[in-house]
Every structure is written in structure tokens, then in C-alpha cells.
Amino acid sequence: MTQSADRSANAPLSVQYEESEDLGSNTSANATLGDVIAVRYDRRDLLKGLLGCTAIAATVSPVALMVAEEARAQGANTTPSFNFKEIAAGSDERHHVAEGYDADILIRWGDAVVPGAPAFDPLGQTGAAQAKQFGYNNDFLGFAPIDGKSDHGLLVVNHEYTNEELMFPKLGRQDTTAKFAGMTKELAEVEMMAHGGSVIEIRRQNGKWGVVPNSTFARRITADTPMVVTGPAAGHDLMKTNADPTGTKVLGMLNNCAGAMTPWGTWLTCEENFNGYFWGKAEGANEKALKRYGAPGNWYNWGQYFDRFDVAKEPNEVNRFGWVVEIDPFDPNSVPKKRTALGRFKHEGAGNIVNRDGRFVVYSGDDERFDYVYKFVSEGTVNTTNRAANADLLDKGTLYVAKYNADGTGNWLPLVHGQGPLTAANGFPDQATVLVQARLAADALGATKMDRPEDIDVNPRNGKAYLMLTNNSRRRPEQVDAANPRADNKFGHIIEMEPDGGDHAALAFKWNILVRCGDPSVAAVGATFHPNTTKDGWFGMPDNCAVDNAGRLWVSTDGNSPAATGRADGVWAMETDGAARGTSKLFFRCPNGAEMCGPYFTPDDETFFVAVQHPGEADDDAKEPATFEKPSTRWPDFKDGMPPRPSVIAITKRGGGKIG
Ligand code: FEO
Ligand code: CA
Ligand code: CA
């Protein structure tokens with residue numbers, strides 16, 4: 001979701017940032033690892049176990065299964081360059097992909113997901129129908145192979161948010177300015193059912209992907225799906241509500257943006273701008289914490305019909321969102337788990353790697369201007385032969401927040417109750433509070449305020465993590481630092497991070513800026529793409545990313561437009577190694593108004609799934625808002641009366657072969 005164009009335009013966002021700034025840093029906090037003692041695996045045994053294991057190998061790619069150090073040894077300095085003919089940057093009503101590739105629509109908003117789903121009827125939408133159909137605004141995509149195959153598997157999809165002005169006829173934009181006058185309870189229910197996620201079974205036959213109808217795996221997850229809270233904050237007072245005095249049972253997940261798959265084949269789906277779903281007046285003891293999270297955001301009026309979304313009536317409901325949710329897509333009856341050990345913030349994604357000692361490491365950005373980068377290191381190790389043994393791996397471990405030093409080094413500061421400033425005297429009486437109010441804890445630790453940390457993906461071949469920083473137009477000249485070097489950073493940048501000694505559990509890392517984005521032909525922009533990058537090859541606003549099995553980085557964007565950069569959002573292939581480092585090439589571009597989400601490869605790299613989100617929105621400088629009646633495109637159906645539909649695309653090479 002673009003912060004310049006999204007519903008947060010109504011919210012007084014500047015207030016929370018100003019108040020969160022300049023909290024003291026405490027350098028003593030990074031002195032110890034705490035009580036976390038890993039059960040140390042012998043590296044060779046682990047790798048043997050991983051590669052020899054069929055139970056887990058059936059669900060993930062070979063590289064994802066390799067332990068970091070081993071993959072690094074195998075893949076060092078052998079990253080091949082991209083080999084495709086770049087497309088022209090620009091913007092029109094259609095999508096475009098590099099010559100020689102097919103980009104086919106796999107599933108659209110409103111298409112059937114679970115058995116019994118009615119046909120999509122844009123003029124007769126109901127919550128009951130939407131609960132069985134593909135949701136709105138597809139974001140993260142993950143592919144879990146069935147029997148290790150790259151032509152048959154489960155596709156998991158996040159449905160991040162809804163655009164009522166494009167979804168519903170004769171409605172227009174509904175927000176605080178419009179006093180939500182047209183938003184009936186029935187429409188709010190459609191919106192709630194259009195959120196969450198989908199699991200679909202897909203198969204490739206005769207070269208073409210299709211959805212397997214009436215699959216027993218098919219599942220819709222919505223804003224109402226029962227979930228459980230696990231980890232240190234489960235059952236804590238901050239998690240209790242009138243409807244759930246146990247503090248362990250939540251209905252639904254909200255604003256699920258990016259995510260990741262685990263090596264054991266589960267789906268990590270990340271709650272991002274959850275604050276926007278709450279309204280009401282924030283008062284009393286909760287006020288400081290609510291403000292730091294931008295709640296209530298008043299982007300939706302669900303609180304008018306459902307008390308739990310009103311912070312005055314249910315002050316703790318908001319604490320039950322903003323988590324990483326783990327879901328087993330292979331069991332449609334499994335209860336999704338909100339993993340509180342990973343902390344509560346606006347999680348963009350959950351890029352992960354099996355560390356060389358077997359522990360599981362998850363990187364996650366908090367997507368807000370001036371917010372932070374985190375990582376979680378599990379206490380236990382990944383069990384490579386017994387999938388079920390990893391069921392609660394994410395409930396115990398240590399959460400850290402990043403501090404980027406000016407000399408290119410960095411430190412991971414532990415969010416551990418009792419360490420450094422995280423004491424009862426400072427408002428952190430226990431570990432649950434540290435995790436529920438992770439932003440406040442990270443403020444106290446003196447973490448580095450970043451330019452909207454979005455996706456982070458680890459290249460398992462060289463152990464480097466790539467961090468997308470999308471933009472930050474509010475950074476003032478006196479606020480620049482080495483890791484965020486531009487004031488009024490309109491176009492974002494990408495940081496490369498390498499853990500010390502190749503150990504992702506290490507407390508120190510090294511970092512450098514891979515590229516500062518924007519138009520390299522305008523000196524004032526200060527972009528640093530490699531000179532070989534063409535006029536089509538540069539981009540702004542990096543958001544999501546994927547690393548293919550050859551270790552190559554692919555970047556998708558959110559916020560390019562004719563007004564901002566003279567181009568639509570899309571996917572760019574980015575060289576990270578050797579003399580070509582910093583060269584980027586445009587591979588795919590979105591139709592008008594859309595952002596690019598969900599880049600994900602099948603294990604054989606022969607299919608590249610991408611998600612086209614909010615097609616048909618108006619450009620930033622449009623004179624009129626886009627609506628159901630007047631979208632900026634009717635992609636992908638191009639039929640009168642049919643609104644634009646967020647859709648998933650499968651990209652394949654004509655005649656077969658690896659992508660790019
Ligand atoms: Fe949902 Fe940070 O984009
Ligand atoms: Ca986005
Ligand atoms: Ca995103």
C-alpha cells in the first residue's frame with residue numbers, strides 16, 4: 001500500500017512520528033545475547049538430513065533447504081546475469097512482459113475458491129459470496145509444491161486491503177471526509193470477507209497453469225476466521241477482550257501484506273497496516289501505545305457495526321493484530337497461529353533462512369516512515385525429518401531490532417525484558433509487553449529510524465539479505481544518516497546486509513547500499529544505478545522482492561506512476577554481483593493504477609508468479625478520483641460494467657525454460 005496515496009491520507013500520521021522521535025538510545029542493551037542457547041547441530045549432519053529428507057523436501061525449493069553456509073560455498077561468485085530483452089517503461093491499460101514470455105491470468109478477485117462459490121456478480125456482492133471467492137488486493141504469493149513438483153502445488157495468497165471506490169457501484173471514496181455515508185453494514189461485511197488470504201490448488205498442464213476446481217485444500221481466510229494467539233503474549237492482560245477473556249482467541253487477520261514460506265511448508269502471512277481498521281477515541285493508559293501504532297486509523301468504518309473495531313469499547317482488540325500469522329496450507333482445518341514471539345508492528349514480510357546451526361531466522365521490516373528493521377532467531381532448531389516437530393518453533397526465541405552504524409557495521413539489539421532499558425520502571429513489566437509494544441521497546445533501545453522498511457529476502461547462496469526501503473518524503477536534511485542518506489527520499493533505496501561470519505544469529509552485521517533509486521539522469525535525485533541501466537531499467541519505490549534459485553534478485557515496486565516516475569510499477573531484475581552490480585532491467589509492468597506484489601518462483605524457476613494489486617486506481621495527479629464507474633483501466637476483463645480485478649499472473653517462458 002502506498003502511503004502517499006492510501007487511505008492514511010486522512011490520518012494525522014505526522015503526529016505519531018514526531019512524538020516517537022528522539023527517544024534515548026542505550027548502548028548497553030546490545031551487550032549480551034541473553035539466555036538463548038542454541039542446540040548446536042553439526043553442520044554436515046544437518047545438511048545431510050535436509051537433502052535426504054523427503055518429508056520436508058517435498059514442500060520447498062532445493063536452495064531454501066540448504067543451510068546458509070553450505071549454499072554459500074556452492075554458489076559463491078557464480079550468480080549468472082539476466083538474459084531477457086528489456087521492455088519499455090511506461091503506463092497503459094494493460095500488463096506487459098518481456099518478449100518470449102507468457103503472462104497469463106491465473107485467478108481474479110471474485111473467482112471461485114471454495115466449493116459452492118457463486119459466480120462473481122459485481123452488482124450483487126454479498127459477504128457470504130465473497131467468503132467463498134478470491135479476495136481483493138492480492139499481495140504476497142507463496143508456492144508450496146505437492147510431491148516436490150514444480151507443476152503442481154498450493155498457491156497461498158494474501159488479500160491485503162479493499163478499495164471500496166473501485167469495488168462497489170455508485171459509491172465513490174468512503175472515508176472520514178465522506179463520513180462513510182455510503183458504507184452500509186452489508187458493504188462492510190463484503191470488505192471483511194475480501195480481506196485475509198486464499199489457498200488454491202494449481203496445476204500446470206500443457207504448459208498452462210490452472211486452478212484445480214473443488215480442491216480439498218481450497219480455503220478462504222477472512223477478517224472473521226478463528227485464530228489462536230501463541231508465544232509469550234498469549235493470555236496476557238493486554239490481549240484480553242470482552243469477547244475473549246482468555247486473551248488467546250482472535251477473529252481474523254488484517255492487512256496481510258507480504259510474507260514468506262517456511263522450509264517446512266507453512267505460510268507466514270504478515271499483518272501490516274492493522275491500525276486503519278480501528279476507530280473511536282483513544283484515551284487513558286493505552287493512548288501512548290495506540291498513537292505509536294497510528295491507531296485508531298479511521299480508514300474503515302467497521303467499528304460502526306462491530307464493537308471490537310472501536311478502541312473506546314474494546315481497547316485491547318487492536319493489540320491482537322500486527323503479528324506474523326503461521327498457517328499450514330496442507331491442512332484446511334488447521335487453526336492459524338499468531339506468533340507473538342516475532343513482535344507486534346506493521347510487518348511487511350518474513351524473509352527467512354535456516355542458520356548454519358539449525359536455528360531459524362526471520363527478517364521483517366516495519367513499514368512506516370522512520371520505523372525499524374527486526375529479526376527473530378528461534379531458540380530451537382529446524383527439524384529436517386519431522387515436519388510436525390517445527391509446529392511451535394516460532395514460539396520461542398529472541399527478537400532483535402537493527403542499528404545501522406555510519407561505518408557500515410550494524411548491531412542487533414535484543415528486545416528482551418529486563419535487559420537494558422526494557423524494565424518495569426520504563427513501562428515494560430514483562431516480555432509480553434515488550435512484544436506487544438515492540439515499537440516502544442525498539443524506540444527505547446535506540447534502533448535506527450529507516451525510510452519505510454518493506455520486504456527483506458535472504459539470498460541463501462551468499463547469505464546476504466536485501467532490504468527494500470521504499471521512500472520517506474518526511475525525512476528532513478538534518479535527519480539523514482548513513483543508512484538513510486537522502487532527505488525527502490522520494491524514490492527509496494536497497495540495502496544489502498551480511499551477517500558477521502555468515503552467522504544469521506550473530507549480533508553484528510555489515511551493510512552497504514546496493515542502489516539509491518530514482519531517475520539517474522536527474523542529478524538532483526542522486527540515484528546510483530549502474531551506468532548500463534537504460535532509461536527503462538531504473539525504478540523508484542522498491543517494495544517486495546524475490547531471490548531465484550540462482551541467487552538473483554528481482555524487485556517489485558509500489559508507487560511508480562506517470563506523475564511520479566513516468567512509468568507503471570512492475571518487476572525489475574537487479575544485478576547484485578560483479579562488474580554489473582547495480583544494473584537493473586524491466587521485466588514486467590503493471591496496468592494503470594496497479595502496484596506489483598507477490599513475486600515468487602516455483603522451485604525449478606520456470607514459473608514466476610506475480611500479483612497485480614489495485615489496478616484501476618487513479619494516478620497521483622489525476623483530476624478525478626477513480627471509481628467503479630470510471631476506473632483507470634478495466635483490466636483484466638476489459639468488459640463494460642466489469643470493474644478492474646486484482647489478479648494473480650503466472651509468467652512462463654514460451655517453449656519452456658527458466659525465467660530470465
Ligand atoms: Fe503493504 Fe508495505 O506494503
Ligand atoms: Ca505496497
Ligand atoms: Ca508491500
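Which residues does Trp302 touch, not counting residues up to four places away in sequence? They are Ala188, Glu191, Met192, His195, Ala223, Leu254, Tyr277 and Phe309, where contact means heavy atoms within 4.5 Å. The legends below describe a predicted model, in which local features need pLDDT of at least 70, side-chain atom pairs count only at pLDDT 80 or more, and totals for chains, interfaces and linings use all residues. Residues are numbered from 1 along each chain as its sequence is written, chains are lettered from A and ligands numbered from 1 in the order in which they are written, and side-chain values use heavy atoms, with hydrogens and water left out.

**Figure 1. Overview of the protein chain.** The secondary structure comes to 12 helices and 31 strands; helices (H or I, at least four residues) and strands (E, at least two) are DSSP runs, numbered from the N terminus. Of the 660 residues in the chain, 63% are buried. Buried means under 20% relative accessible area, exposed over 50%, and partly exposed in between (1.4 Å probe, protein chains only). Among contacts with a separation of 6 or more, 66% join residues 24 or more positions apart.

**Figure 2. Helix H8 and its packing partners.** H8 is mostly covered, with 7 of its 10 residues buried. The buried residues are Leu187, Ala188, Val190, Glu191, Met192, Met193 and Ala194. They pack against helix H6 (127-130), strand S4 (152-159), helix H7 (164-167), strand S5 (196-205), strand S7 (219-221) and helix H10 (302-305). Gly196, which follows H8, has a positive phi, near 100°.

**Figure 3. Helix H12.** In H12, 8 of its 8 residues are buried. They are Ala438, Arg439, Leu440, Ala441, Ala442, Asp443, Ala444 and Leu445, so charged residues are listed here beside nonpolar ones (Asp, Glu, Lys and Arg count as charged; Ala, Val, Leu, Ile, Met, Phe, Trp, Tyr, Cys and Pro as nonpolar; the others, Gly among them, as polar).

Figure 4. A search of the whole structure finds 4 cavities of 30 Å³ or more. On a 1 Å grid over the protein atoms alone, a cavity is a set of points where a 1.4 Å probe fits but cannot get out, and lining residues have an atom within 4 Å of a point. Grid points are joined across faces, edges and corners, and a volume is the space filled by probe spheres set on the points. The second largest cavity holds about 50 Å³ of space. Its lining consists of Tyr363, Trp412, Ala465, Met497, Glu498, Pro499 and Phe509, by class 6 nonpolar, no polar and 1 charged residues. Strand S23 (residues 493-499) gives the most to this lining, with 3 residues. Glu498 has its place in S23 and is partly exposed, with a relative accessible area of 26%. Glu498 and Gly463 are 35 residues apart in sequence and 6.6 Å apart in space, C-alpha to C-alpha.

Figure 5. The structure holds 0 disulfides, a disulfide being a pair of cysteine sulfur atoms within 2.5 Å. The sulfur of Cys270 is 8.1 Å from the closest cysteine sulfur, in Cys257, and therefore too far for a bond. Cys597 is in no disulfide either, and its nearest cysteine sulfur, that of Cys257, is 6.6 Å away. Cys270 is buried, with a relative accessible area of 0%, and Cys597 counts as buried at 0% relative accessibility.

**Figure 6. The loop around His530.** His530 is found in the loop between strand S24 (508-516) and strand S25 (542-547). This residue is buried, with a relative accessible area of 18%. Leaving aside neighbours within four places in sequence, His530 is in contact with Ala579, Ala580, Arg581, Gly582 and Thr583. His530 and Arg581 are 51 residues apart in sequence, and 6.8 Å apart in space, C-alpha to C-alpha.

Key:
1 Å grid on protein atoms, 1.4 Å probe; cavity = no way out; pocket = protein on both sides within 12 Å on 5 of 7 lines; lining within 4 Å.
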